[in-house]
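User: I'd like to learn how to read the features of a model like this one. Can we go through it step by step?
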Amino acid sequence: KFTMGTDDKKAPPNERPARIVVVPPFWLDKTEVTVAAYRACVDKGACPKPAHSSVSCTWDQGDPQLPISCVPWTSAQAFCSSVGKRLPREVEWEMAARGTSPIRYPWGGSSAAGCGAAVTLASDATQRSCSGKRPMKVGSHVSGASPFGIYDMSGNVEEWVADWYAETASDLSPRAGASHVLRGGGWLSAPRDAKTTSRNWGSAREMGPNVGFRCAKDATD
């Protein structure tokens with residue numbers, strides 16, 4: 001049982017209100033899915049090769065430990081299924097990011113820690129990324145881990161979750177929609193958009209360099 005969302009009047013409307021949510025036990029990947037892991041899925045024919053939608057896409061960057069980016073929701077879903085997992089539900093993602101305390105950032109701070117704990121833009125007022133022209137290797141910011149020891153829940157790449165997006169945060173897991181939820185912000189996101197409560201969305205065709213994912217699994221599996 002944990003508090004999801006926020007009552008902070010300065011927060012975007014899609015993060016409000018705060019409410020108590022009960023989540024069954026589950027597992028969540030400690031890191032975002034890497035280029036190496038996704039390449040293995042492509043090699044065995046279970047995942048499509050990412051489109052070269054940007055020079056910043058990580059597929060061809062030559063570093064297997066970067067988070068895979070530029071993958072649409074369907075490709076993320078296909079990868080998780082290929083390894084016996086699934087995309088996390090939005091409530092699971094937020095529970096893993098903040099634990100049972102209503103903290104604003106995974107490391108427990110009430111404000112962003114510059115570039116010391118997360119790979120985002122250096123501040124809300126700049127377009128300069130903490131990582132230059134691409135995200136960093138997964139798990140690079142150990143001090144930014146969530147209460148459960150999960151890395152990059154804030155920054156590096158935004159992460160697809162299973163849910164359709166609804167503008168009203170209290171309307172969890174709508175049965176249909178036009179876009180899916182993205183959580184956590186990425187290396188091209190402002191710190192204010194990389195909080196534990198931050199919610200974004202992407203269409204079925206969204207495959208930008210700021211977008212990646214991680215997988216989840218029921219604890220009973």
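User: Let's start inside. Which residues line the largest cavity?

Analyst: Keep in mind that this is a predicted model. The lining of the largest cavity consists of Tyr-105, Trp-107, Ala-112, Ala-113, Gly-114, Ala-118, Thr-120, Ser-154 and Pro-191. By class that gives six nonpolar, three polar and no charged residues. The space inside is about 40 Å³, and a search of the whole structure turns up one cavity of 30 Å³ or more.

User: And the open sites? What is the volume of the largest pocket, and which residues are closest to its centre?

Analyst: The largest pocket has a volume of about 290 Å³. It is lined by 21 residues, and Asp-8, Arg-104, Tyr-105, Ser-110 and Lys-195 are the closest to its centre. Sort that lining by class and you get seven nonpolar, five polar and nine charged residues. Tyr-105 turns up here and also in the lining of the largest cavity.

User: How does the lining of the second largest pocket divide by class?

Analyst: There you find 11 nonpolar, no polar and two charged residues. The second largest pocket holds about 230 Å³ of space. Its lining has 13 residues, with Phe-26, Trp-27, Ala-96, Phe-148 and Ile-150 closest to the centre. Two elements each give two or more residues to this lining: strand 3 (26–28) and helix 3 (90–98). The largest share, three residues, comes from strand 3.

User: On to the packing. How many residues are in the largest nonpolar core, and which have the most contacts inside it?

Analyst: It has 20 residues, and those with the most contacts inside it are Val-33, Tyr-38, Ile-68, Phe-79, Leu-87, Trp-160 and Phe-213. Helix 1 (35–43) and helix 2 (73–82) are the elements that give this core two or more residues. Another core lies apart from it, with 17 residues, including Leu-28, Trp-93, Met-153 and Tyr-165.

User: How do I read the burial pattern along a helix? Where do the buried residues of helix 2 fall, seen down its axis?

Analyst: The general idea first: an α-helix has 3.6 residues a turn, so residues three or four places apart point the same way. Now the case here. Trp-73, Ser-75, Ala-76, Phe-79 and Cys-80 are the buried residues of helix 2. Looking down the axis, they fall within an arc of 165°, so they line one face of the helix. What covers them includes helix 1, strand 4 (158–164) and strand 5 (179–183). After helix 2 comes Gly-84, with a positive phi near 75°.

Definitions and conventions: Residues numbered from 1 in each chain as written. Predicted model: local features only at pLDDT ≥ 70, side-chain atom pairs only at ≥ 80, totals over all residues. Heavy atoms only, no water. 1 Å grid on protein atoms, 1.4 Å probe; cavity = no way out; pocket = protein on both sides within 12 Å on 5 of 7 lines; lining within 4 Å. Points joined across faces, edges and corners; volume = space filled by probe spheres on them. Nonpolar A, V, L, I, M, F, W, Y, C, P; charged D, E, K, R; others polar. Helix = DSSP H or I, 4+ residues; strand = E, 2+ residues; numbered from the N terminus. Core = buried A, V, L, I, M, F, W, Y, C linked by side-chain atoms within 4.5 Å. Buried < 20%, exposed > 50% of the residue type's maximum accessible area, 1.4 Å probe, protein only. Arc of directions from axis to C-beta. Contact = heavy atoms within 4.5 Å.
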